[in-house]
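User: Hi! Could you walk me through this model?
Analyst: Happy to, let's look at it together.

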Amino acid sequence: MSAPRHVRPLDRGTSDAERPRLELGPLGFDGGAHVLVKLALTECAGGTEVVVRGTHPELLADLRAWCRQQGHGCTPVGPDVGVAAVRRGRAAGARSVGAERAGHAIATEPGAVVARPPPGWGLAPRGALVEPGGPAPDFRLADRDELWTERAESFYEQATATQWDPAVAIDWSQPVVHGPAIERAVVQVMTFLVENEEAALVVPARFLGQVHPHFREVQQVLAVTVADEARHIEVFTRRATMTGYGPALSTVGGRASLQSLVDEPDYATAMFLLSVMGEGTFLSLLGFLERHAPDPVTRRVAQLTRRDEARHVAFSMAHLERHARLQPDLRARLARAVEHRHQALQQTSGLNDDVFDALVLLAAGEEDPASIAHGWQRVQDLQRDMAEARQGRLVRLGFSPGEAETLSSLHTRNFM
Amino acid sequence: MAHLASLGLDPGTAFRIRRFDVMPTKHGDHVGGERDATKALVDGEVDAACVIDGNQLLFAKEGTIAAGAVRVLTRTPPYDHCTMTVLDDADGAAVHRFVELLLAMSYEDPVVRPLLELEGLKAWRPGRTSGYEQLEAAVDRLGFYGADGSITAEGYPP
């Protein structure tokens, strides 16, 4: 083994010519000398002694104490040679004995992401050398087939690159010139959006803590999704309150529909219902608001939140497409979940009437009959667009067009 | 104290003693007492502090002692201070087995490594009494224990 840069062979002609030496100068153990001794011993592994030299008055005594603690041998040597010769003890490398490499940090490397990371890897970074023993936390989501997608990293990169600051990205000073009835409609829709985004925050947040850290990129996407939703809640609330009307009605039916998402214990099912069915439907709704909202602040809020939601939907689609390919019975499970949710919500009133009417008013922009008729038609178009887009996503997940149409029709009338 | 006395500095006469007892039922072996003593030294409340060498390294590492802030006045020779002891009438086979198990504990074994770390050890060594001569002479000299084994040291709360 070649000598490290700070460890030099002794001068030729001495009896210690074969032993590398470490020159510490005035550095003592009260100033970090052990770091260099440790480094020298690591680099000179294999039973080689390192002769330590230095001028600190307590060097020998401190070196002996440190070696005793660390399990190294320490033999004083003559003053012409140095202070002491140190032999690396077995304990120094003990943590590596039986240690296991936890895949590879770079997900695209062969074998980087294992099928079922053991609980004992715990919080260790993927790719780290994991000392055996220690806690074995029960991360419930630890099956690659059930949560992984090779695209997670790129979704996370997109997310971090497109984060926006509500205070900067939206000009809140732009005027609202429409009348009180239209403004109350905007406030009602914002109220509806806030409670939906609450569900969209809580669902991924609940699963986030259950994902084995081996699937780092999935954790990161879920984390940034939660941050996105927190921002969405902020901007919808701010829009709802900026004209002094305050949040409007929150109905039992709306909250019951959302609660069924929050209560879903299965990750794939919850993300399917939330992202593919719910947020996917919301893409249409936010697009509608971007086009038809009566004021520029609302249009901008819808535009920005829609971009984030599109990424959330794409992430869940990528995950579920892979999952369904590997586990073909997944589709039947998802279909049952839609049917079950439909039955559970049958007794509720579905979409808040006030929200539906608010969408008509908002799209009308005026309160005269002709405008209302126009707004009505736009909401009909919106509902058709929602259903068609939902069916398209279901077909992409492998459902037949007929199944997709049926399942889409069973989706909650509350949109999310 | 006995070491200082052997150097001609009689406790109570050549210097005054300030105790830093933390959890004294551990017979002064708690690191907190030595840390308090070191802080008092660094703060100038006392002129010197008695600490074991391992703790001095620890206090330097954790920042209690800045590099070069203190110097070592004297050191005792090395002595043993922690051991497993048994009474004379203990079952010999059980003692033998116990020693066998302790000596078999390897720091490379992830199951037992945390146990060794609790005691600050890398390995157990066979027992010996020779490392206690210095301590034995010191407690006798200072009258730490009475004839019946009770603690008789002045100012030391049992």
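User: How many cavities of 30 Å³ or more does a search of the whole structure find?
Analyst: The search finds three. A cavity here is a set of points, on a 1 Å grid over the protein atoms alone, where a 1.4 Å probe fits but cannot get out. Points are joined across faces, edges and corners, and the volume is the space filled by probe spheres set on them. Before we go on: this is a predicted model, where local features need pLDDT of at least 70 and side-chain atom pairs count only at pLDDT 80 or more, while totals for chains, interfaces and linings use all residues. Residues are numbered from 1 along each chain as its sequence is written, chains are lettered from A and ligands numbered from 1 in the order in which they are written, and side-chain values use heavy atoms, with hydrogens and water left out.

User: What volume does the largest cavity have?
Analyst: About 50 Å³.

User: And which residues line it?
Analyst: Lining residues have an atom within 4 Å of a point. Among them are A:L222, A:M271, A:H312 and A:F315. The lining divides into six nonpolar, four polar and two charged residues. In that scheme Ala, Val, Leu, Ile, Met, Phe, Trp, Tyr, Cys and Pro are nonpolar, Asp, Glu, Lys and Arg are charged, and the others, Gly among them, are polar.

User: Which helix gives the largest share of that lining?
Analyst: α9(A), with four residues. In chain A, α6 (180-208), α7 (216-241), α9 (267-292) and α10 (296-326) each supply at least two. Helices are DSSP runs (H or I, at least four residues), as are strands (E, at least two), numbered from the N terminus.

User: Switching to the interface: how many residues are in contact?
Analyst: 20 residues of chain A are in contact with 15 of chain B, contact being heavy atoms within 4.5 Å. The two chains bury about 1600 Å² between them, 49% of it on carbon and sulfur atoms. Buried area is the accessible area (1.4 Å probe) that two parts lose on being put together, summed over both.

User: Which residues of chain A lose the most area to chain B?
Analyst: A:D30, A:Q69 and A:R95, together 29% of what that side buries.

User: How many salt bridges cross over?
Analyst: Six by the rule, which asks for a side-chain nitrogen of Lys or Arg within 4 Å of a carboxyl oxygen of Asp or Glu. A:E58 pairs with B:R75, their closest N and O atoms 2.7 Å apart. B:R113 pairs with A:E131 at 2.6 Å. That pair runs from α5 (residues 113-118) of chain B to the loop between β7 (129-130) and α3 (144-147) of chain A.

Notes
On a 1 Å grid over the protein atoms alone, a cavity is a set of points where a 1.4 Å probe fits but cannot get out, and a pocket is an open set with protein on both sides within 12 Å along at least five of seven lines; lining residues have an atom within 4 Å of a point.
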